[in-house]
Each structure stands twice: as C-alpha cells, then as structure tokens.
Amino acid sequence: MKTKSDDLLGGAALTLLVAHAVLIILSWLLSAMGQEDVRSLLSSEGIRWFVGSFSAMTASPLLVWLLLLLSAAGCVRQSGVASLWGHHRSLTYRERIALRVALFFLVGYVVIVGLLTLVPHAILLSATGQLFPSAFSRSLLPIVAFGVCLFSVAYGVMAGRLRSLGDVLHSLSFGIARGASLVILYFLLIQFYESLRFVFG
C-alpha cells in the first residue's frame, strides 16, 4: 500500500535523476568549451568510468549500514518490541518473562563487547590501545544493530511472536523489504555524488 513517504521518496528519486541528467549535459558543455579541470561524462573516458566503476562505487560501507539498520528496525517491529512503548497497557505475564530474558541476552552481549573493548590490551582496540579509531569504532553501527536484533529476536521468541526459524528470518528481512525504496535512493544518490567528483574532481 502506497504511503506519503513513498511519494516523498519517489520525488527525491526523480529529483536525483533530473540532477544527474543536468550534470551530464553540463559536463559535456563545459568540457566542449575547454573548461579546465572538467571531465565530460559523455566522453569515452566518462562512459568507461561510469560503467566500469558502478559496482565499486555502490558497494560502500554506507550500503551495508543501511541494510543493517533496516534489518534491525524490521526486527524490532515484527518481534513486538515496538509495541512495548507508546501503548498504555500492562504487560502480560509472558511478555514480562520475555522482556527479562531479552534483557538478559542484551546485558550478556554488552558485557562481551565490553570485554573486547574496555579491558587493557582488548582485541578490538587499536594497536596503540585507543578506542577511537579502532576496529570497534569502525564497526560500531554493526555492533549496535546486532545487539538490537539479538534483543528483539529473544523477546519475540519468548513472547510467542516468532514461533519458528522462518519467522525469525522473516523478521530480519522485513525491514529490508519495506525499506527497498531507500536502497534504490541510495544507489541514485551515491551515483550522483561520485559523478560530481568525477566531473569536477
């Protein structure tokens, strides 16, 4: 079912497509006028760059972060965690038990991450013992996303919202399916940004 956000994303996608078309024409005009430090996207070099670099440009950490955030958000919704807040109702006995079990898993996960980062000579620290930058800081978003998924799945299983492995897998992929428009928008945005860098960089 189409929503207002779908219309907004569609408008943003159309804007990026038009901007990219304008950039292609502008790069050709400026290059034809002999403007220095401007490369045309319609030249043989520009076409080779666009076709040959497409996969490398889009396969960035930003894409992975987007997919992880969408997965975590979908898991929160499908597991029933999202319904814990915003509704003024008392939890059932099963929901209270599920929340305690999920908190137990989350605390255990935080302790493990803490042992890998906060103790002296921890594995995820940098070679100089710093937390920023380090392997931990580079993977902070995946660590948070995995913690959210772990908490949500534990709650969903114990609360009876996720009754099978298929339900768990569906909850992990639900956000990605619902946010597929954002992935398309990401492709358009990163291509426009990289094209700007190619033309004027």
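A crossing of two helices is called left-handed if the near helix is turned anticlockwise from the far one by less than a right angle, and right-handed if clockwise. In this predicted model, H4 passes H6 in a right-handed crossing, whereas the crossing of H3 and H6 is left-handed. Because the model is predicted, local features need pLDDT of at least 70 and side-chain atom pairs count only at pLDDT 80 or more, while totals for chains, interfaces and linings use all residues. Residues are numbered from 1 along each chain as its sequence is written, and side-chain values use heavy atoms, with hydrogens and water left out. Helices are DSSP runs (H or I, at least four residues), numbered from the N terminus.

**Helix H6 and its partners**

- Two packed helices are described by the angle between their axes and the distance between the axes; the axes are lines fitted to C-alpha atoms, for helices over the stretch in contact, and the angles run from 0 to 180 degrees between N-to-C directions.
- Helix H4 (residues 93–117) packs with H6 at an angle of about 155°, their axes lying 8 Å apart, and the two are therefore roughly antiparallel, a label for angles over 145 degrees, just as angles under 35 count as roughly parallel.
- Among the residues of H4 that meet H6 are Ile 97, Val 101, Phe 105 and Tyr 109, and the H6 side includes Phe 146, Leu 150 and Phe 151, where contact means heavy atoms within 4.5 Å.
- The residues of the contact of H4 with H6 divide into 19 nonpolar, 1 polar and 2 charged; here Ala, Val, Leu, Ile, Met, Phe, Trp, Tyr, Cys and Pro count as nonpolar, Asp, Glu, Lys and Arg as charged, and the others, Gly among them, as polar.
- Helix H3 (residues 61–79) packs with helix H6 (residues 140–159) at an angle of about 20°, with 9 Å between their axes, and these two helices are therefore roughly parallel to each other.
- This contact is made by residues including Trp 65, Leu 68 and Cys 75 of H3, together with residues of H6 such as Pro 142, Val 148 and Cys 149, and its residues divide into 13 nonpolar, 4 polar and no charged.

**Helix H3 against H8**

- H3 and H8 pack at an angle of about 165°, with their axes 11 Å apart, and they are therefore roughly antiparallel to each other.
- H3 passes H8 in a right-handed crossing, in which Leu 62, Leu 63, Leu 66, Leu 67 and Leu 70 of H3 meet Leu 182, Val 183, Tyr 186 and Phe 187 of H8.
- The residues of the contact of H3 with H8 divide into 9 nonpolar, no polar and no charged.

**Backbone details in two loops**

- The peptide bond from Phe 132 to Pro 133 is cis, with omega near -5°, and Pro 133 lies in the loop between H4 and helix H5 (135–138).
- Asp 37, which is found in the loop between H1 and helix H2 (44–58), has a positive phi of about 60° although it is not a glycine.

Key. Parallel < 35°, antiparallel > 145°, perpendicular 65-115°, else oblique.
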